[in-house]
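Visitor: Could you take me on a close look at one part of this model, the place where its domains meet, and then show me what lies around it? I would enjoy one connected walk through it.

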Amino acid sequence: MTSIDYRLPQRRVLVTALPGPRSAALTARRQAAVAAGVGSAAPVYAADVDGGVIVDVDGNSLIDLGSGVAVTSVGASHPRVVAAIAEQAERFTHTCFMVTPYEGYVRVAEELAALTPGGFDKRTALFNSGAEAVENAVKVARLATGRPAVVAFDHAFHGRTNLTMALTAKSMPYKAHFGPFAPEIHRMPLSYPYRDEAGLTGEQAARRAISRIEVQIGADSVAAIVIEPIQGEGGFIVPAPGFLATLAQWARERGVVFIADEVQTGFARTGAWFASEHEGIEPDIVAMAKGIAGGMPLSAITGRAELLDRVHAGGLGGTYGGNPVACAAALAGIEVMRSLDLPARARAIETAVVPRLRELAADTDVIGDVRGRGAMLAVEFIRPGTDAPDPQLANAIAAEALSRGVVLLTCGTYGNVIRLLPPLVIGDELLADGIGVLAEVVRDLTR
Ligand SMILES: Cc1ncc(COP(=O)(O)O)c(CNCCCC(=O)O)c1O
(Lines give C-alpha, C1' and ligand atoms only; values in the text may rest on other atoms or scores of the structure.)
Protein backbone atom coordinates (compact mmCIF):
# COMPACT_ATOMS: atom_id res chain seq x y z
CA MET A 1 0.00 0.00 0.00
CA THR A 2 1.93 3.00 -1.22
CA SER A 3 -0.67 5.74 -1.69
CA ILE A 4 -1.26 6.58 1.97
CA ASP A 5 0.33 9.41 3.95
CA TYR A 6 0.53 7.81 7.39
CA ARG A 7 0.57 9.99 10.47
CA LEU A 8 2.89 7.64 12.43
CA PRO A 9 6.10 5.98 11.23
CA GLN A 10 5.13 2.55 9.93
CA ARG A 11 7.80 0.54 11.70
CA ARG A 12 8.33 -2.11 14.38
CA VAL A 13 10.46 -0.58 17.14
CA LEU A 14 10.84 -1.86 20.71
CA VAL A 15 12.21 0.56 23.28
CA THR A 16 11.33 -1.55 26.34
CA ALA A 17 10.61 -5.16 27.13
CA LEU A 18 6.88 -5.85 26.80
CA PRO A 19 4.94 -4.93 28.81
CA GLY A 20 6.84 -1.72 29.52
CA PRO A 21 6.67 0.09 32.87
CA ARG A 22 3.71 2.33 31.99
CA SER A 23 1.71 -0.64 30.74
CA ALA A 24 2.60 -2.57 33.88
CA ALA A 25 1.41 0.32 36.03
CA LEU A 26 -1.85 0.49 34.07
CA THR A 27 -2.36 -3.24 34.57
CA ALA A 28 -2.07 -2.74 38.32
CA ARG A 29 -4.68 0.02 38.18
CA ARG A 30 -6.87 -2.09 35.90
CA GLN A 31 -6.89 -4.96 38.37
CA ALA A 32 -8.32 -2.60 40.99
CA ALA A 33 -11.00 -1.17 38.71
CA VAL A 34 -11.89 -3.38 35.74
CA ALA A 35 -13.79 -6.65 36.08
CA ALA A 36 -11.48 -9.63 35.78
CA GLY A 37 -13.88 -11.17 33.25
CA VAL A 38 -12.88 -8.55 30.69
CA GLY A 39 -9.81 -10.08 29.07
CA SER A 40 -7.14 -8.60 26.79
CA ALA A 41 -4.93 -10.47 24.35
CA ALA A 42 -1.99 -8.07 24.74
CA PRO A 43 -0.81 -6.75 28.14
CA VAL A 44 0.22 -3.44 26.58
CA TYR A 45 -1.82 -0.27 26.48
CA ALA A 46 -2.34 1.68 23.25
CA ALA A 47 -1.33 5.33 23.14
CA ASP A 48 -1.55 5.99 19.37
CA VAL A 49 -2.66 3.89 16.40
CA ASP A 50 -2.28 4.60 12.70
CA GLY A 51 -2.13 2.48 9.56
CA GLY A 52 -0.51 -0.81 10.55
CA VAL A 53 1.06 0.23 13.85
CA ILE A 54 0.02 0.44 17.48
CA VAL A 55 2.25 2.65 19.62
CA ASP A 56 1.96 1.72 23.28
CA VAL A 57 2.22 3.94 26.36
CA ASP A 58 5.92 3.10 26.68
CA GLY A 59 6.72 4.20 23.15
CA ASN A 60 6.94 0.73 21.58
CA SER A 61 5.74 0.66 17.96
CA LEU A 62 4.05 -2.67 17.28
CA ILE A 63 2.82 -4.20 14.03
CA ASP A 64 -0.94 -4.68 14.20
CA LEU A 65 -2.07 -7.95 12.60
CA GLY A 66 -5.37 -7.98 14.49
CA SER A 67 -7.16 -4.72 13.53
CA GLY A 68 -8.95 -4.83 16.87
CA VAL A 69 -10.58 -8.09 15.74
CA ALA A 70 -11.22 -7.16 12.08
CA VAL A 71 -12.51 -3.65 12.78
CA THR A 72 -9.93 -1.06 11.75
CA SER A 73 -9.62 -2.04 8.10
CA VAL A 74 -9.09 1.61 7.10
CA GLY A 75 -6.87 2.14 10.12
CA ALA A 76 -7.84 3.41 13.58
CA SER A 77 -7.36 7.10 12.78
CA HIS A 78 -7.83 7.59 9.06
CA PRO A 79 -7.93 11.37 8.54
CA ARG A 80 -11.15 11.28 6.52
CA VAL A 81 -12.88 9.25 9.21
CA VAL A 82 -11.53 11.46 12.00
CA ALA A 83 -12.66 14.61 10.19
CA ALA A 84 -16.14 13.21 9.61
CA ILE A 85 -16.44 12.24 13.28
CA ALA A 86 -15.32 15.70 14.43
CA GLU A 87 -17.60 17.52 12.01
CA GLN A 88 -20.63 15.51 13.09
CA ALA A 89 -19.82 15.66 16.79
CA GLU A 90 -19.59 19.44 16.61
CA ARG A 91 -23.19 19.53 15.38
CA PHE A 92 -24.71 16.78 17.49
CA THR A 93 -23.67 13.48 18.97
CA HIS A 94 -27.14 12.04 19.51
CA THR A 95 -30.85 12.62 19.07
CA CYS A 96 -32.02 8.99 18.96
CA PHE A 97 -33.23 8.11 15.47
CA MET A 98 -36.49 6.86 17.03
CA VAL A 99 -37.06 10.38 18.38
CA THR A 100 -35.59 12.88 15.92
CA PRO A 101 -34.18 11.21 12.82
CA TYR A 102 -31.26 12.52 10.78
CA GLU A 103 -29.95 12.10 7.24
CA GLY A 104 -26.77 10.21 8.11
CA TYR A 105 -28.74 7.11 9.10
CA VAL A 106 -30.66 7.20 5.81
CA ARG A 107 -27.46 7.64 3.80
CA VAL A 108 -25.87 4.63 5.50
CA ALA A 109 -28.97 2.58 4.72
CA GLU A 110 -28.76 3.66 1.06
CA GLU A 111 -25.08 2.72 0.92
CA LEU A 112 -25.69 -0.72 2.46
CA ALA A 113 -28.51 -1.43 0.03
CA ALA A 114 -26.10 -0.76 -2.82
CA LEU A 115 -23.10 -2.60 -1.35
CA THR A 116 -24.69 -5.83 -0.08
CA PRO A 117 -25.25 -8.75 -2.47
CA GLY A 118 -28.59 -9.00 -4.23
CA GLY A 119 -30.40 -6.75 -6.67
CA PHE A 120 -33.72 -6.92 -4.83
CA ASP A 121 -35.46 -4.12 -2.91
CA LYS A 122 -33.77 -3.80 0.50
CA ARG A 123 -34.26 -2.18 3.87
CA THR A 124 -31.78 -1.55 6.67
CA ALA A 125 -31.90 -1.15 10.43
CA LEU A 126 -28.89 0.11 12.37
CA PHE A 127 -27.68 -0.95 15.81
CA ASN A 128 -24.48 -0.84 17.83
CA SER A 129 -22.90 -4.28 18.04
CA GLY A 130 -22.68 -7.38 15.92
CA ALA A 131 -24.65 -9.38 18.46
CA GLU A 132 -27.46 -6.84 18.31
CA ALA A 133 -27.54 -7.12 14.53
CA VAL A 134 -27.75 -10.91 14.67
CA GLU A 135 -30.43 -10.74 17.38
CA ASN A 136 -32.55 -8.43 15.23
CA ALA A 137 -32.06 -10.47 12.09
CA VAL A 138 -33.51 -13.44 13.98
CA LYS A 139 -36.40 -11.29 15.28
CA VAL A 140 -37.27 -10.29 11.72
CA ALA A 141 -37.05 -13.87 10.44
CA ARG A 142 -39.29 -15.23 13.21
CA LEU A 143 -41.89 -12.51 12.70
CA ALA A 144 -41.83 -12.79 8.90
CA THR A 145 -42.16 -16.59 8.86
CA GLY A 146 -44.19 -17.17 12.01
CA ARG A 147 -41.76 -20.00 12.79
CA PRO A 148 -39.67 -20.48 15.98
CA ALA A 149 -36.64 -22.61 15.08
CA VAL A 150 -33.25 -21.17 14.16
CA VAL A 151 -30.40 -23.25 12.72
CA ALA A 152 -26.80 -22.46 13.63
CA PHE A 153 -23.65 -24.43 12.88
CA ASP A 154 -20.69 -26.06 14.58
CA HIS A 155 -17.80 -23.65 15.22
CA ALA A 156 -20.13 -20.64 15.00
CA PHE A 157 -19.67 -17.42 16.88
CA HIS A 158 -22.47 -14.85 16.83
CA GLY A 159 -22.04 -12.78 20.00
CA ARG A 160 -22.31 -12.67 23.76
CA THR A 161 -25.99 -11.83 24.38
CA ASN A 162 -28.34 -14.60 25.47
CA LEU A 163 -29.64 -15.45 22.01
CA THR A 164 -26.25 -15.07 20.35
CA MET A 165 -24.62 -17.21 23.02
CA ALA A 166 -27.21 -19.86 22.19
CA LEU A 167 -26.19 -19.53 18.54
CA THR A 168 -22.48 -19.69 19.42
CA ALA A 169 -20.87 -23.12 19.46
CA LYS A 170 -18.03 -22.77 21.97
CA SER A 171 -18.68 -22.90 25.69
CA MET A 172 -15.49 -21.55 27.22
CA PRO A 173 -15.09 -18.60 27.50
CA TYR A 174 -18.27 -17.36 25.79
CA LYS A 175 -21.10 -19.38 27.39
CA ALA A 176 -19.83 -21.27 30.42
CA HIS A 177 -22.10 -20.73 33.45
CA PHE A 178 -24.17 -18.01 31.73
CA GLY A 179 -27.19 -20.19 30.90
CA PRO A 180 -29.98 -21.05 30.49
CA PHE A 181 -29.91 -20.01 26.87
CA ALA A 182 -32.65 -19.10 24.41
CA PRO A 183 -34.66 -22.09 23.19
CA GLU A 184 -35.31 -23.33 19.65
CA ILE A 185 -31.70 -22.99 18.52
CA HIS A 186 -30.52 -26.09 16.65
CA ARG A 187 -26.89 -26.86 15.80
CA MET A 188 -25.89 -28.55 12.60
CA PRO A 189 -22.57 -29.86 11.25
CA LEU A 190 -20.49 -27.46 9.20
CA SER A 191 -18.23 -28.02 6.21
CA TYR A 192 -14.73 -27.94 7.76
CA PRO A 193 -12.56 -29.20 4.89
CA TYR A 194 -9.40 -29.70 6.95
CA ARG A 195 -11.21 -31.85 9.53
CA ASP A 196 -14.01 -33.41 7.47
CA GLU A 197 -13.69 -36.92 6.16
CA ALA A 198 -11.66 -36.94 2.96
CA GLY A 199 -13.59 -36.15 -0.18
CA LEU A 200 -16.69 -34.73 1.49
CA THR A 201 -17.86 -32.07 -0.94
CA GLY A 202 -19.56 -28.83 0.01
CA GLU A 203 -22.83 -30.06 -1.40
CA GLN A 204 -22.55 -33.36 0.49
CA ALA A 205 -21.82 -31.52 3.73
CA ALA A 206 -24.83 -29.29 3.14
CA ARG A 207 -27.06 -32.29 2.38
CA ARG A 208 -25.86 -33.84 5.66
CA ALA A 209 -27.05 -30.76 7.55
CA ILE A 210 -30.28 -30.44 5.56
CA SER A 211 -31.31 -34.04 6.21
CA ARG A 212 -30.78 -33.51 9.95
CA ILE A 213 -32.80 -30.28 9.85
CA GLU A 214 -35.65 -32.03 8.08
CA VAL A 215 -35.64 -35.03 10.41
CA GLN A 216 -34.92 -33.35 13.76
CA ILE A 217 -36.77 -30.03 13.36
CA GLY A 218 -38.98 -30.09 10.28
CA ALA A 219 -38.31 -27.48 7.60
CA ASP A 220 -41.65 -25.79 8.13
CA SER A 221 -40.65 -25.01 11.73
CA VAL A 222 -37.44 -23.27 10.72
CA ALA A 223 -37.49 -19.47 10.65
CA ALA A 224 -33.86 -18.99 9.68
CA ILE A 225 -30.43 -20.36 9.06
CA VAL A 226 -27.73 -18.16 10.60
CA ILE A 227 -24.24 -18.75 9.25
CA GLU A 228 -20.92 -16.98 8.85
CA PRO A 229 -19.69 -17.35 5.24
CA ILE A 230 -16.26 -17.90 6.82
CA GLN A 231 -16.30 -18.81 10.53
CA GLY A 232 -14.43 -16.13 12.48
CA GLU A 233 -13.85 -17.01 16.14
CA GLY A 234 -14.43 -20.66 15.22
CA GLY A 235 -11.17 -20.73 13.28
CA PHE A 236 -11.43 -18.95 9.91
CA ILE A 237 -13.05 -22.02 8.41
CA VAL A 238 -13.77 -21.63 4.71
CA PRO A 239 -16.51 -24.13 3.86
CA ALA A 240 -16.01 -26.35 0.82
CA PRO A 241 -17.32 -24.87 -2.43
CA GLY A 242 -21.03 -25.44 -2.82
CA PHE A 243 -21.82 -25.74 0.88
CA LEU A 244 -23.33 -22.28 1.31
CA ALA A 245 -25.02 -22.27 -2.11
CA THR A 246 -26.71 -25.62 -1.42
CA LEU A 247 -27.95 -24.40 1.98
CA ALA A 248 -29.19 -21.14 0.45
CA GLN A 249 -31.03 -22.97 -2.32
CA TRP A 250 -32.72 -25.27 0.18
CA ALA A 251 -33.67 -22.31 2.38
CA ARG A 252 -35.24 -20.51 -0.56
CA GLU A 253 -37.24 -23.59 -1.55
CA ARG A 254 -38.51 -24.10 2.02
CA GLY A 255 -39.25 -20.48 2.95
CA VAL A 256 -36.39 -20.34 5.46
CA VAL A 257 -34.70 -16.95 5.87
CA PHE A 258 -30.98 -17.18 5.02
CA ILE A 259 -29.09 -14.87 7.36
CA ALA A 260 -25.41 -14.30 6.58
CA ASP A 261 -23.50 -13.13 9.62
CA GLU A 262 -20.85 -10.98 7.90
CA VAL A 263 -19.80 -9.18 11.06
CA GLN A 264 -16.21 -10.41 10.70
CA THR A 265 -16.13 -11.14 6.93
CA GLY A 266 -17.79 -7.96 5.69
CA PHE A 267 -16.50 -4.70 4.25
CA ALA A 268 -13.68 -5.81 1.97
CA ARG A 269 -11.99 -8.05 4.55
CA THR A 270 -12.07 -11.21 2.39
CA GLY A 271 -11.32 -9.57 -0.97
CA ALA A 272 -14.92 -8.75 -1.85
CA TRP A 273 -17.27 -6.26 -0.21
CA PHE A 274 -18.98 -9.25 1.40
CA ALA A 275 -17.81 -12.86 1.64
CA SER A 276 -21.18 -14.13 0.39
CA GLU A 277 -20.10 -12.90 -3.04
CA HIS A 278 -17.32 -15.51 -3.26
CA GLU A 279 -19.97 -18.22 -3.04
CA GLY A 280 -22.44 -16.52 -5.38
CA ILE A 281 -25.14 -16.33 -2.71
CA GLU A 282 -27.54 -13.48 -2.02
CA PRO A 283 -28.56 -13.72 1.64
CA ASP A 284 -32.07 -12.67 2.59
CA ILE A 285 -30.55 -10.68 5.45
CA VAL A 286 -26.92 -9.66 6.02
CA ALA A 287 -25.79 -8.86 9.56
CA MET A 288 -22.74 -6.60 9.67
CA ALA A 289 -20.59 -4.61 12.09
CA LYS A 290 -16.81 -4.44 12.76
CA GLY A 291 -15.28 -2.95 9.57
CA ILE A 292 -18.38 -0.85 8.84
CA ALA A 293 -17.35 2.44 10.51
CA GLY A 294 -13.59 2.82 10.91
CA GLY A 295 -13.65 1.71 14.52
CA MET A 296 -16.82 3.42 15.68
CA PRO A 297 -19.51 1.14 17.16
CA LEU A 298 -22.10 0.53 14.48
CA SER A 299 -23.91 -2.54 13.21
CA ALA A 300 -26.63 -3.19 10.69
CA ILE A 301 -29.00 -5.62 9.14
CA THR A 302 -29.75 -5.15 5.47
CA GLY A 303 -32.18 -7.46 3.76
CA ARG A 304 -35.21 -8.06 1.63
CA ALA A 305 -37.74 -5.25 1.98
CA GLU A 306 -40.58 -7.75 2.14
CA LEU A 307 -39.01 -9.22 5.26
CA LEU A 308 -37.86 -6.15 7.17
CA ASP A 309 -40.97 -4.12 6.30
CA ARG A 310 -43.17 -6.83 7.81
CA VAL A 311 -42.14 -5.64 11.27
CA HIS A 312 -44.66 -3.38 13.05
CA ALA A 313 -43.60 0.24 13.67
CA GLY A 314 -41.37 0.39 16.74
CA GLY A 315 -40.48 -3.28 16.53
CA LEU A 316 -36.87 -2.51 15.65
CA GLY A 317 -34.76 0.11 17.38
CA GLY A 318 -32.77 1.01 20.46
CA THR A 319 -31.49 4.22 22.02
CA TYR A 320 -28.14 4.48 20.25
CA GLY A 321 -28.85 2.41 17.14
CA GLY A 322 -27.29 4.19 14.15
CA ASN A 323 -25.64 6.88 16.27
CA PRO A 324 -25.01 9.94 14.05
CA VAL A 325 -21.27 10.09 14.77
CA ALA A 326 -20.93 6.40 13.96
CA CYS A 327 -22.94 6.95 10.77
CA ALA A 328 -20.64 9.79 9.74
CA ALA A 329 -17.65 7.53 10.36
CA ALA A 330 -19.26 4.78 8.30
CA LEU A 331 -19.93 7.06 5.34
CA ALA A 332 -16.34 8.30 5.43
CA GLY A 333 -14.94 4.81 5.93
CA ILE A 334 -16.92 3.40 3.00
CA GLU A 335 -15.65 6.29 0.87
CA VAL A 336 -12.08 5.39 1.86
CA MET A 337 -12.68 1.72 1.04
CA ARG A 338 -13.96 2.70 -2.41
CA SER A 339 -11.23 5.24 -3.19
CA LEU A 340 -8.44 2.85 -2.13
CA ASP A 341 -10.25 -0.18 -3.61
CA LEU A 342 -9.71 -2.10 -0.40
CA PRO A 343 -11.37 -5.29 -1.68
CA ALA A 344 -8.54 -5.43 -4.22
CA ARG A 345 -6.04 -4.58 -1.46
CA ALA A 346 -7.32 -7.53 0.57
CA ARG A 347 -6.82 -9.81 -2.43
CA ALA A 348 -3.29 -8.44 -2.83
CA ILE A 349 -2.58 -9.19 0.82
CA GLU A 350 -3.73 -12.78 0.27
CA THR A 351 -1.45 -13.07 -2.77
CA ALA A 352 1.51 -11.75 -0.81
CA VAL A 353 0.98 -13.67 2.41
CA VAL A 354 -0.42 -17.12 1.58
CA PRO A 355 2.67 -18.36 -0.32
CA ARG A 356 4.84 -17.47 2.69
CA LEU A 357 2.49 -19.30 5.05
CA ARG A 358 2.45 -22.35 2.79
CA GLU A 359 6.26 -22.27 2.61
CA LEU A 360 6.35 -22.18 6.41
CA ALA A 361 3.91 -25.10 6.57
CA ALA A 362 6.15 -27.09 4.23
CA ASP A 363 9.19 -26.35 6.41
CA THR A 364 7.61 -27.43 9.69
CA ASP A 365 5.48 -30.34 10.90
CA VAL A 366 3.24 -28.32 13.22
CA ILE A 367 0.97 -26.68 10.67
CA GLY A 368 -2.08 -28.66 9.66
CA ASP A 369 -3.76 -26.07 7.46
CA VAL A 370 -3.32 -22.66 5.90
CA ARG A 371 -6.61 -21.09 4.82
CA GLY A 372 -8.73 -18.00 4.43
CA ARG A 373 -9.61 -15.36 1.90
CA GLY A 374 -8.24 -11.89 1.33
CA ALA A 375 -6.88 -10.42 4.55
CA MET A 376 -8.73 -12.97 6.69
CA LEU A 377 -6.07 -15.68 6.82
CA ALA A 378 -5.29 -18.42 9.31
CA VAL A 379 -2.76 -21.09 10.26
CA GLU A 380 -4.02 -24.13 12.18
CA PHE A 381 -1.41 -25.69 14.50
CA ILE A 382 -1.29 -29.40 15.31
CA ARG A 383 0.94 -31.78 17.20
CA PRO A 384 3.59 -33.25 14.84
CA GLY A 385 2.49 -36.32 12.96
CA THR A 386 -1.14 -35.94 14.04
CA ASP A 387 -4.11 -33.69 13.35
CA ALA A 388 -4.50 -33.11 17.09
CA PRO A 389 -4.98 -29.41 17.81
CA ASP A 390 -2.10 -27.69 19.60
CA PRO A 391 -3.53 -24.61 21.35
CA GLN A 392 -0.50 -24.35 23.63
CA LEU A 393 1.74 -23.83 20.62
CA ALA A 394 -0.60 -21.27 19.08
CA ASN A 395 -0.68 -19.30 22.33
CA ALA A 396 3.10 -19.52 22.71
CA ILE A 397 3.55 -18.23 19.16
CA ALA A 398 1.23 -15.27 19.76
CA ALA A 399 3.01 -14.42 23.03
CA GLU A 400 6.47 -14.65 21.50
CA ALA A 401 5.41 -12.64 18.45
CA LEU A 402 4.17 -9.90 20.77
CA SER A 403 7.49 -9.88 22.62
CA ARG A 404 9.09 -9.23 19.23
CA GLY A 405 6.64 -6.42 18.43
CA VAL A 406 3.82 -8.07 16.48
CA VAL A 407 0.22 -8.23 17.72
CA LEU A 408 -1.35 -11.53 16.62
CA LEU A 409 -4.68 -13.08 17.60
CA THR A 410 -5.56 -16.72 18.10
CA CYS A 411 -8.97 -18.28 17.48
CA GLY A 412 -10.59 -21.61 16.74
CA THR A 413 -12.91 -24.01 18.52
CA TYR A 414 -9.77 -25.75 19.77
CA GLY A 415 -7.80 -22.53 20.30
CA ASN A 416 -5.07 -23.73 17.93
CA VAL A 417 -5.40 -21.17 15.13
CA ILE A 418 -3.31 -18.06 14.57
CA ARG A 419 -5.35 -15.59 12.53
CA LEU A 420 -4.11 -12.74 10.42
CA LEU A 421 -6.35 -9.67 10.24
CA PRO A 422 -4.09 -6.79 9.23
CA PRO A 423 -5.57 -3.36 8.58
CA LEU A 424 -6.20 -3.25 4.83
CA VAL A 425 -4.23 0.01 4.75
CA ILE A 426 -1.09 -1.64 6.13
CA GLY A 427 1.98 -1.03 3.98
CA ASP A 428 3.66 -3.82 2.07
CA GLU A 429 6.95 -3.59 3.96
CA LEU A 430 5.37 -3.53 7.40
CA LEU A 431 3.15 -6.49 6.50
CA ALA A 432 6.15 -8.41 5.21
CA ASP A 433 8.02 -7.66 8.44
CA GLY A 434 5.09 -8.92 10.51
CA ILE A 435 4.79 -12.15 8.54
CA GLY A 436 8.56 -12.56 8.79
CA VAL A 437 8.37 -12.36 12.57
CA LEU A 438 5.56 -14.95 12.62
CA ALA A 439 7.64 -17.34 10.50
CA GLU A 440 10.75 -16.72 12.62
CA VAL A 441 8.83 -17.40 15.83
CA VAL A 442 7.28 -20.62 14.51
CA ARG A 443 10.70 -21.88 13.45
CA ASP A 444 12.33 -20.82 16.73
CA LEU A 445 9.66 -22.47 18.87
CA THR A 446 9.52 -25.70 16.92
CA ARG A 447 13.10 -26.46 15.92
C1 LIG B 1 -19.21 -13.41 13.03
C2 LIG B 1 -19.48 -12.58 14.26
N3 LIG B 1 -20.76 -12.33 14.60
C4 LIG B 1 -21.05 -11.58 15.70
C5 LIG B 1 -20.04 -11.06 16.48
C6 LIG B 1 -20.41 -10.21 17.68
O7 LIG B 1 -20.11 -8.88 17.43
P8 LIG B 1 -20.00 -7.87 18.67
O9 LIG B 1 -19.88 -6.51 18.01
O10 LIG B 1 -18.77 -8.28 19.44
O11 LIG B 1 -21.26 -8.04 19.47
C12 LIG B 1 -18.70 -11.28 16.14
C13 LIG B 1 -17.60 -10.71 17.02
N14 LIG B 1 -16.34 -11.35 16.91
C15 LIG B 1 -15.34 -10.89 17.82
C16 LIG B 1 -15.70 -11.25 19.24
C17 LIG B 1 -14.68 -10.77 20.23
C18 LIG B 1 -15.11 -11.24 21.61
O19 LIG B 1 -16.25 -10.90 22.02
O20 LIG B 1 -14.31 -11.95 22.26
C21 LIG B 1 -18.41 -12.06 15.02
O22 LIG B 1 -17.12 -12.32 14.65
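Guide: Happy to. In this predicted model, the C-alpha centres of domain 1 and domain 2 lie 26 Å apart. Domain 1 is made of two stretches, 21–64 + 341–446, while domain 2 runs over 81–339. Where they touch, 33 residues from domain 1 and 28 residues from domain 2 take part in the contact.

Now look inside. The largest nonpolar core has 97 residues, and those touching the most other members are Leu65, Ile259, Phe267, Ile285, Ile301, Phe381 and Leu420. Helix H10, residues 324–340, supplies the largest share of this core, with 10 residues. Both domain 1 and domain 2 give residues to the core, so it lies between them.

Leaving aside residues up to four places away in sequence, Leu420 touches Leu65, Phe236, Val353, Leu357, Ala375, Met376, Leu377, Leu408, Ile435 and Leu438. There is also a second, separate core of 28 residues, with Ala206, Ile225, Val256 and Phe258 among them.

Ser67 is found in helix H2, residues 67–70, and has a phi near 50 degrees, a positive value in a residue other than glycine. Ser67 counts as buried because its relative accessibility is 0%. Asp341 also has a phi near 50 degrees, again positive in a residue other than glycine. Asp341 sits in the loop between H10 and helix H11 (342–363), and with a relative accessible area of 39% it is partly exposed.

The structure holds 3 cavities of 30 Å³ or more, and the largest cavity has about 40 Å³ of space. Its lining consists of His155, Ala156, Phe157, Thr168, Ala169, Lys170, Tyr174, Glu233, Gly234 and Thr413. Sorted by class, that lining has 4 nonpolar, 4 polar and 2 charged residues.

Arg160 touches Tyr174 along with Ala131 and Met165, not counting residues up to four places away in sequence. You will find Arg160 in the loop between strand S5 (149–153) and helix H6 (162–167). Its relative accessibility is 55%, so Arg160 counts as exposed. For a sense of distance, Arg160 and Ser276 are 116 residues apart in sequence and 23 Å apart in space, C-alpha to C-alpha.

Follow the chain onward to the loop between H6 and strand S6 (185–188), where Pro173 lies. A cis peptide bond joins Met172 and Pro173, with omega about 10 degrees. Pro180 also lies in the loop between H6 and S6, and a cis peptide bond joins Gly179 and Pro180, with omega about 5 degrees.

Strand S4, residues 122–127, gives the most to the lining, with 5 residues. By class, the lining of this pocket has 11 nonpolar, 7 polar and 2 charged residues.

Definitions and conventions: Residues are numbered from 1 along each chain as its sequence is written. This is a predicted model: local features need pLDDT of at least 70, side-chain atom pairs count only at pLDDT 80 or more; totals for chains, interfaces and linings use all residues. Side-chain values use heavy atoms; hydrogens and water are left out. A nonpolar core is a set of buried Ala, Val, Leu, Ile, Met, Phe, Trp, Tyr and Cys residues joined through side-chain atoms within 4.5 Å. Buried means under 20% relative accessible area, exposed over 50%, partly exposed in between (1.4 Å probe, protein chains only). Helices (H or I, at least four residues) and strands (E, at least two) are DSSP runs, numbered from the N terminus. Domain bounds come from an automatic or database domain assignment. Contact means heavy atoms within 4.5 Å. Ala, Val, Leu, Ile, Met, Phe, Trp, Tyr, Cys and Pro count as nonpolar, Asp, Glu, Lys and Arg as charged, and the others, Gly among them, as polar. On a 1 Å grid over the protein atoms alone, a cavity is a set of points where a 1.4 Å probe fits but cannot get out, and a pocket is an open set with protein on both sides within 12 Å along at least five of seven lines; lining residues have an atom within 4 Å of a point. Grid points are joined across faces, edges and corners, and a volume is the space filled by probe spheres set on the points.
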